[in-house]
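Work through the following exercises with the sequence and the structure open. Each task is followed by a solution in steps.

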Amino acid sequence: QLLALCSTAAFISLSTGPAVLGSVVIGHVGQNVTVPCFYSVQGPHDITSMCWGRDSCPASKCSRTIIWTDGWRVTEQSSSRYLLEGNLPTGDVSLTIVNAEEADSGVYCCRVEISGWFNDQTSNHNVVIEKARISTASPHTYTSEQTSAPGSTSKSSSTITRTWPSVSASEAPQTASGPCSSTSDCLDVTSNLQNVSVSLPNEQYSENGLYIGIGLCAALLAILILALFLT
């Protein structure tokens, strides 16, 4: 019985081939998730076929196969959401799940077919797709102001618009006393200023006429004196 048990264990270990320790890959819904898988390629003769499947690796091939390659390119693909974006001839056969969903969670098998009896390289990877975390805190919008020049401010795009109540003229605060206490006083001051600004040129013109008259009188007086002197 012991011999039969050992034989059975040896057969199981040979049939599954050399197993490579898998990985746990955690992704989020709506994102692309990459499940790593590599094998050694020393030359073109090492390039070989491989497959990806759901569930743990069986004794041969892949169960629920989702993708196959011949070592150089993808030859079979169950969905366009499964891609091999690595450099296949160099041994990078990592699987990319596009726009991951919660249903994509589970175990994935990477099997690299190596010639010879029970030489396939297998690895099982546990993929966990989580929902995107949504914050439960209430959103806040902050208003920030930055002074760019005296008397001017620039506001950020995320601002809170506040509507202030309209203030009537009678309720508006008086920051400083004006030069006049009423509207009539202001009108009187304005008219006086206009009269002053108009009267100034008239006075200037009268003074010029006075100077010209005096000059003419002096000239006539000098002519008369000269005429009397000559006669």
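## Exercise 1: A pair of charged side chains

The side chains of K61 and E113 form a salt bridge, with N and O 3.7 Å apart. The model is a predicted one.

**Task.** Find which loops hold K61 and E113, and state how many residues apart in sequence the parts are that the pair ties together.

**Solution.** 

1. K61 is in the loop between β4 (50–54) and β5 (65–69).
2. E113 is in the loop between β9 (106–112) and β10 (121–130).
3. The pair therefore ties together parts that are 52 residues apart in sequence.
4. For the burial of each partner, the cut-offs are under 20% relative accessible area for buried and over 50% for exposed, with partly exposed in between. K61 has 46%, so K61 is partly exposed. E113 has 18%, so E113 is buried.

## Exercise 2: Other salt bridges

**Task.** How many salt bridges does a search of the whole structure find? Describe the pair R81 and D104, then the pair D55 and R64.

**Solution.** 

1. The search of the whole structure finds 5 salt bridges. In general, side chains of opposite charge can pair when their charged atoms come close.
2. R81 and D104 meet through their side chains at 2.4 Å, N to O. This pair links distant parts of the chain, 23 residues apart: R81 is in the loop between β6 (74–77) and β7 (82–83), and D104 is in the loop between β8 (95–97) and β9.
3. D104 has a relative accessibility of 3%, so D104 counts as buried.
4. D55 forms a salt bridge with R64, and their closest N and O atoms are 3.2 Å apart.
5. D55 has a relative accessible area of 34% and is therefore partly exposed. R64, at 51% relative accessibility, counts as exposed.

## Exercise 3: Backbone angles in one loop

**Task.** Is the phi of D55 positive or negative? Is the phi of K61 positive or negative?

**Solution.** 

1. D55 is found in the loop between β4 and β5, and K61 is found in the loop between β4 and β5 as well.
2. Phi of D55 is positive, about 75°, although D55 is not a glycine.
3. Phi of K61 is near 60°, again a positive value in a residue other than glycine.
4. As background, most residues other than glycine have a negative phi.

## Exercise 4: The nonpolar cores

**Task.** Which residues have the most contacts inside the largest nonpolar core, and which strand supplies the largest share of this core?

**Solution.** 

1. The largest nonpolar core has 22 residues, and W52, L95 and Y108 have the most contacts inside it.
2. At least two residues of this core come from each of β3 (33–35), β4, β5, β8, β9 and β10.
3. β9 supplies the largest share, 3 residues.
4. A second, separate core has 5 residues, among them C51, C57, C62 and C109.
5. W52 lies in strand β4. With a relative accessibility of 0%, W52 counts as buried.
6. W52 and I67 are 15 residues apart in sequence, while their C-alpha atoms are 5.3 Å apart in space.

## Exercise 5: The whole chain and its confidence

**Task.** How many helices and strands does the chain have, and where is the pLDDT under 50?

**Solution.** 

1. The chain has 2 helices and 12 strands. From the N terminus, the elements run α-β-β-β-β-β-β-β-β-β-β-β-β-α.
2. Of the 231 residues, 21% count as buried. The accessible surface comes to about 16800 Å², and 60% of this belongs to carbon and sulfur atoms.
3. The mean pLDDT is 73, and 58% of the residues reach 70 or more.
4. Over residues 1–20 the pLDDT stays under 50. Over residues 138–178 the pLDDT is below 50 too.
5. Where pLDDT is low, the predicted coordinates should not be read in detail.

Conventions:
Residues numbered from 1 in each chain as written. Predicted model: local features only at pLDDT ≥ 70, side-chain atom pairs only at ≥ 80, totals over all residues. Heavy atoms only, no water. pLDDT = per-residue confidence, 0-100. Contact = heavy atoms within 4.5 Å. Salt bridge = Lys/Arg side-chain N within 4 Å of Asp/Glu carboxyl O. Buried < 20%, exposed > 50% of the residue type's maximum accessible area, 1.4 Å probe, protein only. Helix = DSSP H or I, 4+ residues; strand = E, 2+ residues; numbered from the N terminus. Core = buried A, V, L, I, M, F, W, Y, C linked by side-chain atoms within 4.5 Å. Areas by Shrake-Rupley, 256 points an atom, 1.4 Å probe, with all protein chains shown as cover.
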